[in-house]
Amino acid sequence: MLNNVIPAFIVGGIICVIGQLFMDLTKANITPSHVLVAYVTSGVILGSLGLYKPLVDIGGAGATVPLSGFGYALAKGALEAAESSGLIGAFTGGIQATAMGIAAALFFGYLVALVFNPKG
Amino acid sequence: MAEKKVGNQTVVFKNPPVVLAGYTVVGPKEGAGPLKDTFDLVLKDTYNGEKSWEKAEMKMLETSMRGAANKVNIPLECIDYSLAGDLLNQLVCSNFASRQIGLPFIGLYGACSTMALSIALGAMLIDGGFATKVLCSASSHHNTAERQYRLPTEQGNQRPLYAQWTVTGAGSLVLSDAGNGPKVTTATIGRIVDFGETDANNMGAAMAPAVADTIINHFNDLNRPSDYYDLVVTGDLGTVGLQLVSDIIRKSNLNIKNLNDCGVMIYKPEQDTHAGGSGCGCSAVVLGGYILNQMFKGELKRVLLIGSGCLHSPTTALQGETLPSIGHAISLEYI
């Protein structure tokens with residue numbers, strides 16, 4: 001198990017450290033939302049250029065769980081579906097590949113909203 | 001001819017109104033700070049038994065208004081005007097607290113300069129012969145201000161080290177045409193100064209030029225020696241702004257012997273508020289608590305308070321506008 005955990009920790013950790021440095025070293029008008037969008041977008045770009053795959057091969061969940069991994073999954077799904085069903089696939093494939101994550105976010109978000117009242 | 005006005009921006013009161021008493025309510029964080037023993041009431045938590053932080057702030061303000069009048073046994077009906085302000089849209093805390101108080105009410109928005117502004121105007125009402133007793137109040141709440149000016153607290157955003165922490169607190173002062181206590185002798189109404197700071201987290205840097213402008217004008221208008229006051233205290237510049245103001249003061253050849261800042265005084269460095277306190281409540285509770293206590297004890301005889309306010313809105317900040325700022329000064333003296 002350590003063979004998986006240690007590379008995942010290192011790769012995931014480096015990805016998170018880069019995000020933290022963005023927060024600490026840039027002006028305060030770079031917010032967490034900017035970092036979030038930048039991570040998903042760069043995951044899509046790196047994924048479609050084939051540059052993110054090596055990170056996933058080394059780090060496993062360390063590369064797929066961070067937001068950049070979501071972008072990678074979007075790009076991968078879109079590319080695969082485009083090969084099998086053309087232009088339509090390029091539009092549907094990304095969401096199909098990430099459907100589990102999106103549905104889980106919706107489901108648990110709904111559940112939490114039912115139970116708790118936002119106050120801040 | 002304005003016979004009570006001197007110089008560019010200053011008024012000198014003919015019959016200086018007396019500060020009869022102050023009452024302060026603070027949250028738990030302020031109640032754990034270095035000034036904890038000077039506050040009248042420390043809340044156990046930031047909700048204070050209410051359903052929302054807004055309700056808690058309204059209640060806090062109402063408590064401080066009633067507390068100040070009670071302290072000197074003045075029935076509320078004997079007060080002519082209540083002047084109050086806070087940080088929320090449409091001044092809801094002041095409006096809702098005043099609904100419970102039922103006094104003729106003047107709402108003021110001067111951001112964090114509100115306490116100094118309300119005292120300056122309250123003193124003008126009394127010295128002008130329009131009132132004999134005026135209640136001056138201001139409040140802020142850390143969590144309501146976060147929602148108003150920044151982002152939902154649940155998002156848990158990281159704050160830069162130069163950011164200030166909005167004080168949870170409300171303070172009220174009773175001004176009167178007669179009685180015992182320190183007197184409001186002069187007031188210098190500030191003008192808006194904007195040196196082009198655009199980072200809404202860096203209010204200390206934005207407000208420092210406005211505050212320095214008011215201090216310099218105050219001393220010039222009155223021709224007072226720069227060591228006249230035992231304490232010159234700025235509203236809530238925090239560590240960053242205080243450093244800037246002391247630099248400007250030094251370069252202007254003013255030799256102020258004791259310059260401090262309410263935002264620096266209210267928290268200990270270990271409380272990790274970054275650059276110190278801010279918010280209307282900050283100068284309201286430091287003035288109503290620590291400074292008035294010291295004056296009533298005779299430790300301080302002459303104090304100049306410069307309330308500092310950053311007059312932007314979240315919308316203008318998002319649109320990239322700069323931060324217009326202001327400083328209003330009042331002098332309290334035993335004469």
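Author: Welcome! Helices are DSSP runs of H or I with at least four residues, strands are runs of E with at least two, and both are numbered from the N terminus. In this predicted model, local features need pLDDT of at least 70, side-chain atom pairs count only at pLDDT 80 or more, and totals for chains, interfaces and linings use all residues. Residues are numbered from 1 along each chain as its sequence is written, chains are lettered from A and ligands numbered from 1 in the order in which they are written, and side-chain values use heavy atoms, with hydrogens and water left out.

Reader: Where is the place of Asp213(B)?

Author: Look in helix α5 of chain B, which covers residues 203–222.

Reader: With which residues is Asp213(B) in contact, leaving aside its neighbours within four places in sequence?

Author: Contact means heavy atoms within 4.5 Å. For Asp213(B), the partners are Gln9(B), Arg191(B) and Val193(B). In chain B, among contacts with a separation of 6 or more, 79% join residues 24 or more positions apart.

Reader: How many helices and strands are there in chain B?

Author: Chain B has 9 helices and 15 strands. Its C-alpha trace spans about 55 × 50 × 35 Å along the principal axes.
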